[in-house]
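Trainee: I have not looked at this molecule before, and I would like to know what stands behind the words used for it. Could we go through it slowly, setting each value beside its definition?

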Amino acid sequence: MRIGDLASRAQVSTRALRYYEEQGILHSERTPSGQRVYSESAVDRVRLIQHLFSAGLASRTIALILPCVDTGHASPEMLVSLHTERDRITTVIADLQEAQRRLDQVIELTEHSTPEQCARVRDAAGRTSALAGAGAPA
């Protein structure tokens, strides 16, 4: 099938398919005129690639995983990459939860503010900035 057909069936853009080829995670044959031609199995492959991207994996990690999927054997390098990626995502989640907690505090202050609370928040922000090396509060 041609690139447009694959894009339509897999519900991705032709640009995404070209990117996948550039990254070495999708392969096509070429016609004598240079057009890409894909096998029927490319639809499932693209859907798998999309699933891996949605799990937060980078194309370089996906490139490590796909041969393992093809052979049914997980390499130690692939497992390390997956655990590293999970740890990175866990850290991002914790950072986002902390940002959410702080935003909740700002919302609470905004909804029920008093001059004393505003002063406490300014003082706390100044101490945090000073501790972080951003300088003393203004």
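Mentor: Let us begin with helix α5, in which Met78, Ser81, Glu85 and Leu109 are buried. This is a predicted model, in which local features need pLDDT of at least 70 and side-chain atom pairs count only at pLDDT 80 or more, while totals for chains, interfaces and linings use all residues. Residues are numbered from 1 along each chain as its sequence is written, and side-chain values use heavy atoms, with hydrogens and water left out.

Trainee: What makes α5 a helix of the expected span?

Mentor: Helices are DSSP runs of H or I with at least four residues, strands are runs of E with at least two, and both are numbered from the N terminus. The expected span is 1.5 Å times one less than the number of residues. α5 has 36 residues and reaches 52 Å from its first C-alpha to its last, close to the 52 Å expected. For α3, with 14 residues, the end C-alpha atoms are 20 Å apart, which agrees with the 20 Å that it should span.

Trainee: Why is Val106 called partly exposed?

Mentor: A residue is buried under 20% relative accessible area, exposed over 50%, and partly exposed in between (1.4 Å probe, protein chains only). Val106, which lies in helix α5 at residues 76-111, has a relative accessible area of 46%, so it falls in the middle class. Ile107, also in helix α5, is partly exposed as well, with 38%.

Trainee: What makes a nonpolar surface patch of Leu103, Val106 and Ile107?

Mentor: Patches are made of residues with over 30% relative accessible area and no salt bridge, where like charges are joined within 9 Å and nonpolar side chains (Val, Leu, Ile, Met, Phe, Trp, Tyr) within 5 Å. The 46% of Val106 and the 38% of Ile107 are over that 30% limit. Together with Leu103, these residues make a patch of about 250 Å².

Trainee: How do you know that Arg101 and Glu98 meet in a salt bridge?

Mentor: The rule asks for a side-chain nitrogen of Lys or Arg within 4 Å of a carboxyl oxygen of Asp or Glu. For Arg101 and Glu98 the N to O value is 2.5 Å, so by that rule the pair counts. Both lie in helix α5, 3 residues apart, about one turn of the helix. Salt bridges that share partners join Glu98, Arg101 and Arg102 into one network. By this rule the count comes to 6 salt bridges.

Trainee: Which parts does the salt bridge of Glu40 with Arg9 tie together, and why?

Mentor: The closest N and O atoms of Glu40 and Arg9 are 2.9 Å apart. Glu40 lies in the loop between β2 and α3 and Arg9 in helix α1, so the pair ties together parts that are 31 residues apart in sequence.

Trainee: Why does Glu21 count as buried?

Mentor: Its relative accessibility is 18%, so Glu21 is in the buried class. Glu21 also forms a salt bridge with Arg36, the closest N and O atoms being 3.0 Å apart. Glu21 lies in helix α2 and Arg36 in strand β2, so this pair ties together parts that are 15 residues apart in sequence.

Trainee: How do you know that the buried residues of α2 line one face of the helix?

Mentor: In α2, residues 14-22, the buried residues are Ala16, Leu17, Tyr20 and Glu21. Seen down the axis, they fall within an arc of 140°, so they line one face; the arc is that of the directions from the helix axis to the C-beta atoms. The face turned away carries the exposed residues Arg15 and Glu22.

Trainee: What do the buried residues of α2 pack against?

Mentor: They pack against α1 (3-10), β1 (29-30), β2 (36-37) and α3 (41-54), where contact means heavy atoms within 4.5 Å. In α3 the buried residues are Ala42, Val43, Arg45, Val46, Ile49 and Leu52, and they pack against α1, α2 and α4 (59-71).

Notes
Accessible areas come from the Shrake-Rupley method with a 1.4 Å probe; for residues, only the protein chains shown count as cover.
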